[in-house]
Amino acid sequence: MAEPSDAPPEPTSATADTTRGPGRVLVALYGVFALAAGARATVQLATRFDEAPLAYLLSALAAVVYLVATVGLARGGRGGRRTALAAVSVELAGVLVVGTLSLLDPVAFPDATVWSNYGQGYGFIPLALPVLGLLWLRHQSQVAADRGDPR
């Protein structure tokens with residue numbers, strides 16, 4: 001007769017994979033960026049909205065996108081992957097569009113956003129993060145398919 005084990009059960013679905021390894025790091029990074037961008041945008045919108053409304057609203061949008069990506073990645077599973085894929089895709093488009101526009105027309109961005117100059121103010125992490133997120137989501141979809149989970 002086997003004795004009951006105190007060890008936690010092994011993950012059996014793609015959902016559990018976001019709680020360890022690279023998935024955990026991505027969830028943590030997205031959570032930190034959601035908090036940082038949200039706090040920055042809140043202060044800027046509350047105290048200096050008239051100075052650079054476009055930049056501050058874009059920072060608020062970035063915070064929302066980071067939050068949605070965090071929830072999707074943390075939730076995992078088919079629905080979580082789809083949510084995260086949409087958020088991370090919007091994030092990548094935002095970094096590329098805002099980064100390019102901020103270089104071509106700096107007058108339109110009198111103050112920096114998270115995505116200005118491709119995230120230069122944040123060590124280019126805003127540019128690398130969606131690429132890593134998309135690669136992770138692709139990997140998770142392949143793992144789910146190999147397990148026979150619905151895509």
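Are tyrosine 30 and tyrosine 66 buried or exposed? Select both residues: tyrosine 30 is buried, and tyrosine 66 is buried too. Keep in mind that this is a predicted model.

**Confidence**

Colour the protein chain by pLDDT. The mean is 86. Of the residues, 85% reach 70 or more. Now select residues 7–16. Here pLDDT stays under 50. For this stretch the model has 15 contacts beyond four places in sequence.

**The aromatic rings**

The model has 3 aromatic pairs. Tyrosine 30 and tyrosine 66 form one that is tilted. Their ring centres lie 6.0 Å apart, with 50° between the planes.

Next, show helix α1, residues 21–48, and helix α2, residues 53–75. Tyrosine 30 lies in helix α1 and tyrosine 66 in helix α2, so their pair ties together parts that are 36 residues apart in sequence.

**Arginine 24**

Stay on helix α1 and select arginine 24, which has its place there. Is arginine 24 buried or exposed? Arginine 24 counts as exposed, because its relative accessibility is 52% and the cut-off for exposed is over 50%.

Draw a C-alpha to C-alpha distance from arginine 24 to leucine 73: it comes to 8.8 Å. In sequence, arginine 24 and leucine 73 are 49 residues apart.

Terms used
Residues are numbered from 1 along each chain as its sequence is written. This is a predicted model: local features need pLDDT of at least 70, side-chain atom pairs count only at pLDDT 80 or more; totals for chains, interfaces and linings use all residues. Side-chain values use heavy atoms; hydrogens and water are left out. pLDDT is the predictor's confidence in each residue, from 0 to 100. Contact means heavy atoms within 4.5 Å. Rings of Phe, Tyr and Trp (its six-membered ring) pair if their centres lie within 6.5 Å; planes under 30 degrees apart count as stacked, over 60 as edge-to-face and the rest as tilted. Helices (H or I, at least four residues) and strands (E, at least two) are DSSP runs, numbered from the N terminus. Buried means under 20% relative accessible area, exposed over 50%, partly exposed in between (1.4 Å probe, protein chains only).
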